[in-house]
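Me: I have a structure open and I want to talk it through. Can you take it piece by piece?

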Amino acid sequence: MTRPARPAVAVLGALTAAAALAGCGADDASAAETLTVYSAQHESLVRTMLEDFTAETGIELEFRDANDAELANQIVQEGEASPADVFLTENSPAIDILDDEGLLAPLEQSTLDQVGERYRPSSGTWTGFAARSTVLVYNPEQLPEAELPASILDLADPAWEGRIGIAAGGPDFQAIVAAVLAMEGEEATRAWLEGLERNADVYQSNTAVMVAADEGEIDAGVMYHYYWYRDQAENALKGDDARLHYFRGQDPGAFLSVSGAGVLASSDQPEEAQQLVAYLTGPEAQRKLAESSALEYAVGAGVDSADALPALDTLEAPPVDPGELDQRRVTELMQEVGLL
Ligand SMILES: [Fe+2]
């Protein structure tokens with residue numbers, strides 16, 4: 001396969017030539033101007049968090065945006081030759097794939113120390129930089145509070161046939177499946193997925209699931225919290241009737257999905273790449289996340305998330321090591337039961 005074009009190359013070439021002419025030798029300093037960032041997180045959130053990075057460090061950023069699976073697969077295929085210096089994911093299973101392939105460099109301890117332990121893998125090869133809570137979005141007219149399920153696993157029960165919605169094809173839902181797999185094992189996960197395959201309508205996105213619950217097309221659906229909070233902040237145009245149910249009690253349905261940041265082992269600018277991940281998890285970028293309209297959770301030590309959200313420590317998320325989420329097995333299982 002052909003490698004994608006890298007516009008930064010022309011700029012770097014010019015700088016190298018200038019440095020050589022100036023008689024200071026075309027050494028590393030000249031190549032340290034632009035980092036290539038492969039990013040699958042929401043574009044606006046990443047740009048907001050990194051708004052002042054270039055002004056503060058002099059390091060330019062070049063982004064390549066696509067979804068988790070596309071970028072992870074691209075980096076695996078590019079291997080050592082990948083132009084990527086930093087990988088930012090929306091959900092962590094995609095960055096685990098690179099970790100499994102040995103494509104990530106260990107992060108500096110000072111960077112890891114900026115992030116609460118439960119929001120990064122024990123391996124230390126990448127870190128979370130944002131978190132999102134699994135929720136059940138539901139229509140209170142059709143599903144009274146007293147009938148809300150206690151566990152996300154209950155949704156496989158025949159009683160839910162034709163009543164629920166999921167965005168099965170997206171990395172968000174698949175991260176939740178990966179958490180169920182890590183917590184419940186393969187047999188229970190397959191049985192759960194078989195139940196979902198029978199019970200659920202499949203939608204293209206979290207927003208579509210929320211709208212379907214709002215309009216009573218389904219009684220309830222699985223998604224992440226921020227789609228609802230954002231809509232509320234924008235006058236609830238899509239979900240004025242829909243409500244959120246948090247499973248809590250360390251249920252797999254209370255899974256917190258972290259967005260991951262890692263440095264490629266093949267980066268030719270490892271110091272600058274480490275600097276970027278340090279910045280992204282540091283107080284300034286984390287505060288920007290907390291104050292932005294994204295309404296995802298900050299994971300930086302000592303940074304509170306937006307006031308509109310229930311505090312992270314009230315969500316009773318299960319203790320899942322985000323480094324132990326097996327996207328490949330999830331894809332296979334979902335294909336086996338016909339959800340993909
Ligand atoms: Fe999202």
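Reply: Start with one term: a residue counts as buried when its relative accessible area is under 20%. Keep in mind that this is a predicted model.

Me: Which ones are buried in helix 11?

Reply: His225, Tyr226, Tyr227, Trp228, Tyr229, Arg230 and Asp231.

Me: And what covers the buried residues of helix 11?

Reply: The cover includes strand 5, strand 8 (220–224) and strand 9 (243–245). It also includes helix 8 (171–184) and helix 10 (206–214).

Me: Where is Ala236, and is it buried or exposed?

Reply: Ala236 lies in the loop between helix 11 and strand 9. Its relative accessibility is 15%, so it counts as buried.

Me: What is phi for Leu295?

Reply: Leu295 has a positive phi near 60°, again in a residue other than glycine. Its place is the loop between helix 13 (283–291) and helix 14 (327–337). Leu295 counts as buried because its relative accessibility is 9%.

Me: Let's zoom out. How many helices and strands does the protein chain have?

Reply: The protein chain has 14 helices and 10 strands.

Me: What are the spans of the C-alpha trace along its principal axes?

Reply: About 75 × 40 × 30 Å.

Me: What radius of gyration does the chain have, and what would a compact globule have?

Reply: The chain has 21 Å. For 340 residues, a compact globule would be near 20 Å, so the value for this chain agrees.

Me: What share of the residues in the chain is buried?

Reply: Buried residues make up 56% of the 340 in the protein chain.

Me: And what share of the contacts joins residues at least 24 apart?

Reply: 76%, taken among contacts between residues at least 6 apart in sequence.

Me: Where is Val115?

Reply: Val115 is in the loop between helix 7 (109–112) and strand 5 (127–138). It is buried, with a relative accessible area of 3%.

Me: What does Val115 touch?

Reply: Leaving out residues up to four places away in sequence, Val115 touches Arg120, Thr127, Gly128, Thr281 and Val299.

Me: Now helix packing. What describes two packed helices?

Reply: The angle between their axes and the distance between the axes.

Me: What is the angle for helix 5 and helix 6?

Reply: Helix 5 (residues 68–78) and helix 6 (residues 93–100) pack at about 10°, with axes 9 Å apart. Angles under 35 degrees count as roughly parallel, so helix 5 is roughly parallel to helix 6. Their crossing is right-handed.

Me: Which residues make that contact?

Reply: Helix 5 contributes Asp68, Ala72, Ile75 and Val76, and helix 6 contributes Ala94, Ile97 and Leu98. By class, the contact of helix 5 with helix 6 has 6 nonpolar residues, no polar ones and 1 charged.

Me: And helix 8 with helix 9, at what angle do they cross?

Reply: The axes of helix 8 and helix 9 (residues 186–199) cross at roughly 140° and come within 7 Å. The two helices are therefore oblique to each other. This crossing is right-handed.

Me: Which residues are in contact there?

Reply: On helix 8 they are Phe173, Val177, Val180, Leu181 and Glu184. On helix 9 they are Glu186, Ala188, Thr189, Trp192, Leu193 and Leu196. The contact of helix 8 with helix 9 has 8 nonpolar, 1 polar and 2 charged residues.

Technical notes: Residues numbered from 1 in each chain as written. Predicted model: local features only at pLDDT ≥ 70, side-chain atom pairs only at ≥ 80, totals over all residues. Heavy atoms only, no water. Axes fitted to C-alpha atoms, helices over the stretch in contact; angles between N-to-C directions. Helix = DSSP H or I, 4+ residues; strand = E, 2+ residues; numbered from the N terminus. Parallel < 35°, antiparallel > 145°, perpendicular 65-115°, else oblique. Left-handed = near helix turned anticlockwise from the far one by under 90°. Contact = heavy atoms within 4.5 Å. Nonpolar A, V, L, I, M, F, W, Y, C, P; charged D, E, K, R; others polar. Rg over C-alpha atoms; globule rule 2.2 N^0.38 Å. Buried < 20%, exposed > 50% of the residue type's maximum accessible area, 1.4 Å probe, protein only.
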